Amino acid sequence: MRKLILILLFIPLFSLHGFSKKHLLKGKIINVKDTTVVTFIIPINFFTKIPVYETIQHRIKYYDSDSTKKTITPEIATEIQFTYEREKVRMVSMANTLGLKQPMNRYSNNIFFKLEVEGYLSLYRYFHSKSFNGPNNSSYTYKSSSYFFQKKGEQLTSLLYIGYKTYFSDCPQLIQKKKSKEFKWQDIDLVVKFYNENCAPEQN
């Protein structure tokens, strides 16, 4: 069960990307017309041992079949896929309609959002950090992630923008489970799966 919590990692700013190692993993670059098998150069956080998704969601380096090193961005590819620690990772390119920023406050037209749950209602995850000054002229970073929802045929959105009851007004049994605290906000993946199994149009 995934928990929707803000993860606080107070790490010196210089270590945000500096203390990462690279893993070579076979994967796929998917476009509308074709799929290409490549070897991705995946940055892995030295401390957490997980991919540095905050970087990957904006660009990722890889070797093609001729062992030529290249870079792919979400403006070029529809999706990228690779498997890490038995998890099949899918990063789907979507228009940045929410105005999300890259590191250093740069803007991207598209972002590789990490697909967590796929269905009529899909759940995506976006990774970000915020820097601030600490004592003795030190700099620290606040690392977190946000979840976004997308119903089939609709744009990506956040419940922070429109509210839980409004977004799930077509699923009263889900609202009741939330009200009775059977579903907590942290159980976000279960909420999405329940909606898809009980309230998605295909189920009616």
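Start by selecting the lining of the second largest pocket: it has eight nonpolar, five polar and seven charged residues (Ala, Val, Leu, Ile, Met, Phe, Trp, Tyr, Cys and Pro count as nonpolar, Asp, Glu, Lys and Arg as charged, the others, Gly among them, as polar). You are looking at a predicted model, where local features need pLDDT of at least 70 and side-chain atom pairs count only at pLDDT 80 or more, while totals for chains, interfaces and linings use all residues. Residues are numbered from 1 along each chain as its sequence is written, and side-chain values use heavy atoms, leaving out hydrogens and water.

The pocket's volume is about 420 Å³. A pocket here is an open set of points on a 1 Å grid over the protein atoms alone, where a 1.4 Å probe fits, with protein on both sides within 12 Å along at least five of seven lines; lining residues have an atom within 4 Å of a point. The volume is the space filled by probe spheres set on the points, which are joined across faces, edges and corners.

Now zoom to Ile-50, Pro-51, Tyr-53, Arg-125 and Phe-127, the closest to the pocket centre of its 20 lining residues.

Next, pick Cys-171 and Cys-199, which form a disulfide with sulfur atoms 1.9 Å apart (the cut-off is within 2.5 Å). The link is right-handed, with 55° about the S-S bond. Both Cys-171 and Cys-199 are buried, meaning under 20% relative accessible area with a 1.4 Å probe, protein chains only.

Finally, colour by pLDDT, the predictor's confidence in each residue from 0 to 100: the protein averages 85, and 85% of the residues score at least 70.

How values were computed. Buried means under 20% relative accessible area, exposed over 50%, partly exposed in between (1.4 Å probe, protein chains only).
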